[in-house]
Amino acid sequence: MVASAAFAINASVFLEAPVTRLSAEELKAFVAFIDKTLSEAPEGVLVEWRAPKTKFVSKLTPGKRTTQGGRECREMTIESESSDRYQRGRYFFCQVASGAWEFRLPQAGPAGTKR
């Protein structure tokens with residue numbers, strides 16, 4: 001995975017996730033899109049990102065903003081799908097000093113094969 005604050009977590013959560021289908025370049029672009037969405041998108045407004053080469057689409061819906069330990073935090077629902085995998089979950093991110101968003105523990109069911 002990309003060494004980004006947004007995905008600084010135990011990678012085993014995503015072993016069967018659609019995001020594993022992305023190339024390194026696409027993953028970097030997707031992480032940048034997540035950061036931008038967390039920073040700029042209004043609460044409750046769904047935005048969509050499609051990989052330029054891989055069959056992958058992700059719908060992001062940012063939620064409310066909160067403050068924890070002096071840091072801005074935000075919930076987001078992320079629904080991603082590739083040709084054979086699907087994952088939907090509600091995630092929690094907090095902004096770090098660099099301005100990037102740090103991933104917190106997900107509140108999602110297991111990822112797996114598309115039904």
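Modeller: Helices (H or I, at least four residues) and strands (E, at least two) are DSSP runs, numbered from the N terminus. On that basis, the protein has 1 helix and 7 strands. Their order from the N terminus is α-β-β-β-β-β-β-β. The model is predicted, with local features needing pLDDT of at least 70 and side-chain atom pairs counting only at pLDDT 80 or more, while totals for chains, interfaces and linings use all residues. Residues are numbered from 1 along each chain as its sequence is written, and side-chain values use heavy atoms, with hydrogens and water left out.

Now the part itself. Two strands pair if DSSP finds at least two bridges between them. Strand β1 covers residues 47-50, and strand β2 covers residues 56-68. These two run antiparallel, joined by 4 bridges. R50 sits opposite V57 in β2.

R65 faces R74 in β3 across the pairing. β2 and β3 form a hairpin too, with 2 residues between them. In that turn, G69 has a positive phi of about 55 degrees.

Last, the setting. Of the 115 residues in the protein, 37% are buried (under 20% relative accessible area, 1.4 Å probe, protein chains only). Take contacts (heavy atoms within 4.5 Å) between residues at least 6 apart in sequence: 47% join residues at least 24 apart.

Terms used:
Buried < 20%, exposed > 50% of the residue type's maximum accessible area, 1.4 Å probe, protein only.
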